[in-house]
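Here are a few notes to read with the model open beside you.

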Amino acid sequence: MVLEGVYKVRSIDEVVELLEKYRENAKIIAGGTDIVIALRNEKITPKVLIDISSIDELKSIKDEGEFIKIGAGVTFTKIVESSLFQKNLWGLYKACRLVGSPQIRNKGTIGGNIANGSPAADSIPPLICLGSTITLASKNGKRKVLLEEYYKDKANYGMKEDELLVSIDFKKPTENRVLSFAKLGLRKALAISRISIATFLELDKKGQVTTIRVASGSLGKYPMRELEVEEFLCGRKLNERTIDEAIKVVQQSMDERLKGRSTLPYKRVAVESMLRESIGDGIKFLDGVRA
Amino acid sequence: MRLDVVGKNLIRVDAYSKVTGKALYPQDIYIDGMAYGKTLRSEKPHAYIKVDTREAEKLEGIIKIFTYKDVPKNSHGVVFKDHEVFCEKKVRRIGDPIAFVVGESERVCELALKKIVVHYDELEGVFDPLLAMDENSPKVHESGNIMYHYKIRKGNIKEGFKNSHAIVENTYKTHMVDHAFLQPEAGVSFIDDKGRITIMVATQYPHYDREEVAANLNLPQDQIRIINTNVGGAFGGREDISLQTHLALAVYTLKIPVKVIYSREESFIAHSKRHSMIMKCKTGADKDGKLLAMKAVIIGDTGAYASWGTNVLRKAGVHITGPYYIPNVVVDSYAVYTNNPFAGAMRGFGVTQVPIAHEQQMDILAEELGMDPVSIRMINMFGKGSVTATGQVLTESVPLEECLEKVVEGMDFYHREEEAK
Amino acid sequence: MKDIKLNVNGKDYTLNVDENIKLLGLLRDELGLTGAKEGCGEGECGACTVIMDGETVNSCLVMAFQADGSNILTIEGLEQNGELHPIQQAFIDVGAVQCGYCTPGMIMSVKALLDKNTNPTREEIREGISGNLCRCTGYNKIVDAAELSIKYLEEGRR
């Protein structure tokens, strides 16, 4: 790699100026935990690096009452240490807690997790379940994009070369709703997810599903909603039998999506316990709330 | 008797330097005016090669590019001299060294590596040791692919199986393993104040290294010094020589200090692996579980070079009977060349693979005979005075029974087994 | 080249650094602090761990220019006036040192953990060093050393 210019900037304005100037020749660096490896392996060869890790505005988590807003430069450690992601937002805490290692969590940022675009990014399925919106800034102003759409339709919603991811926000779930998460990695630390499942769940008094969102990681080209299983479970009572059937629905979706992939037979089996764990944790939490 | 060491906690001599970061590994050594070296390695597993270094030599900052032409005696190896310092005509595995670039910085050396043109005339390779044993398979070395055959013949195997009440026959496979010692290979070479070629390197065998370097350079051994630095893990992976000769050649020719550091990726492709093995075992026992016969064929994939393949497959053959007395034994153990990464020493030297086979054979036999897995071992295991399959009499302490009893007790084996039912 | 200022082990530096180098390269090649090691170059092994503004980082994944304005603590900065840090002493006393290549990084991870949590459980210690590989597989001794450090640090506070 041969870099010609590096900038350590203090404001978003400076970043968008530089992006406007250097466009495809520039890359944003924050925690560096993915991009420095890509530079080392020459997977990318930018001429300019713009370090955003010292921009205070990007480093705060704001409780705005109805919404929570997370700056793109917030590290996983900061999320794990925040009191905001306990209780019914525990799924996001858990996902961030399972990222890499202490060193990686100290540097890696939630914005980087999104911008890097890995299908295995741990924090994305929970954020998708929450219906998160991301804010992108450029010289021409800001725009908001639904995180789910951002992945699904890159042409329209993806990040342009002059844009900076500024923040992620989502509506705080009410007490009767819960976000949960399960991850399968090959070992406890420093594991890239083989499968991850996040669920967002609301049950009525009879234990019937009134709201459900399921999002997966590493089960496709990008993290995505699992609409078939959501549709199947909505309105049903959650028990062993319905969850068993839900697993079959997810497997069917996988069979189509991952057809011909060598990992499919393994993932088909492994997804069972991931879905069970994720939904199970959600039910357990809601049982606790009602009790 | 007063003991100064046994039974006491002693502080290791290198502990202070290691907890303070002062301990020097080769990558920590800097010498004024030193140059850097990088190795060009084969990207094909089996091919004839032609190398053109002319463009790379023109780069500013490149001091010299070494190839086989520069090596006085181009062969080495811990047992058989089947490695080349730099491949001359043929590469036999991905990672075979082809050239060594010396330049003013690591970066210019990397650029030069990209500018060296290697023309590969690819040959059919062989990657399955079973196929490699076939006479019609491509030959990795001219001598043929079966590098070593070790045999044990004891008792009367036919009788043994004829008298057996239960016979189990299975094939087991283990995979290749990398040592992944934490400190990738590195070294520094310079000419000492007495004019001797001096290599500072993390190695398992400074004396063998000296022998090999001296032979390759065609110099007397007293002209070569190998200084062992701190060694950041080895586990067998630093038994074969790696960058020592490259460094020696460079400093001998250029008379300037040279440093080499491998990346983790290069480390993986440069050094040996644990042998993957295919183990076919047939074991027979009488009604009471007493072992009567074992027939085993072990095929170890030694990859492109012999390294310690003879010793590893001999040890595997010796130990395939496990720690059990068996009166009738036939073992055939082979080390086979393929175009895979070469295999050599790694923790256990062939003794680590075979329990996968002999212990599962014991479990399966026990199940066939309706016995529990501890009892079948107790009645067959070695004790003091036992004779092994190779005829060795175990005259010293053999506390295996005591060991297994403690394990059974410690893990509450019978209680757990009861619960599992 | 880029001008940066940073503090390493209590000492201020003003340096002109190559845009392409990492913090690890800066510490080792420019400042001669070779205690932090490169084992993998991609944040898997933790041998390059240093403390940057109070938190452990893999210095192989931090670009040198990013360290502008930061405070860095490396293994060389732990020994004060010829006296070992209690964690270093505990590693020696327990015998938590084998090949030693992971040791500086391990000690920095234990330090960062104990700075935040003065009395971690064994499980928390394991989690705290989960970003550091020891290929000699001396983990139990390392966890023992961290536990002994807790005791040494408490005694020091009294």
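1. In this predicted model, chain B has an open sheet of three strands in the order S6-S2-S8, paired antiparallel. Its edge strands, S6 (90-91) and S8 (117-122), each pair on one side only. Strands here are DSSP runs of E with at least two residues, numbered from the N terminus, and two of them pair if DSSP finds at least two bridges between them.

2. Strand S2 (residues 47-52) of chain B meets S6(B) through two bridges, in the antiparallel sense. Tyr48(B) has Lys90(B) as its bridge partner in S6(B).

3. Met1(B), in the segment before helix H1 (15-19) of chain B, is exposed at 94% relative accessible area (exposed is over 50%, with a 1.4 Å probe and protein chains only).

4. Now to the contacts between chains. 32 residues of chain C touch 32 residues of chain A, contact being heavy atoms within 4.5 Å. About 2600 Å² is buried between these chains, 51% of it from carbon and sulfur atoms; buried area is the accessible area (1.4 Å probe) that two parts lose on being put together, summed over both. Leu61(C), Phe65(C) and Gln66(C) supply 22% of what chain C buries against chain A, more than any other three residues.

5. Chains C and A share five salt bridges (a side-chain nitrogen of Lys or Arg within 4 Å of a carboxyl oxygen of Asp or Glu). One of them joins Glu127(C) to Arg97(A), with the closest N and O atoms 3.4 Å apart.

6. A word on conventions: local features need pLDDT of at least 70 and side-chain atom pairs count only at pLDDT 80 or more, while totals for chains, interfaces and linings use all residues. Residues are numbered from 1 along each chain as its sequence is written, chains are lettered from A in the order in which they are written, and side-chain values use heavy atoms, leaving out hydrogens and water.

Terms used: Helix = DSSP H or I, 4+ residues; strand = E, 2+ residues; numbered from the N terminus. Buried < 20%, exposed > 50% of the residue type's maximum accessible area, 1.4 Å probe, protein only.
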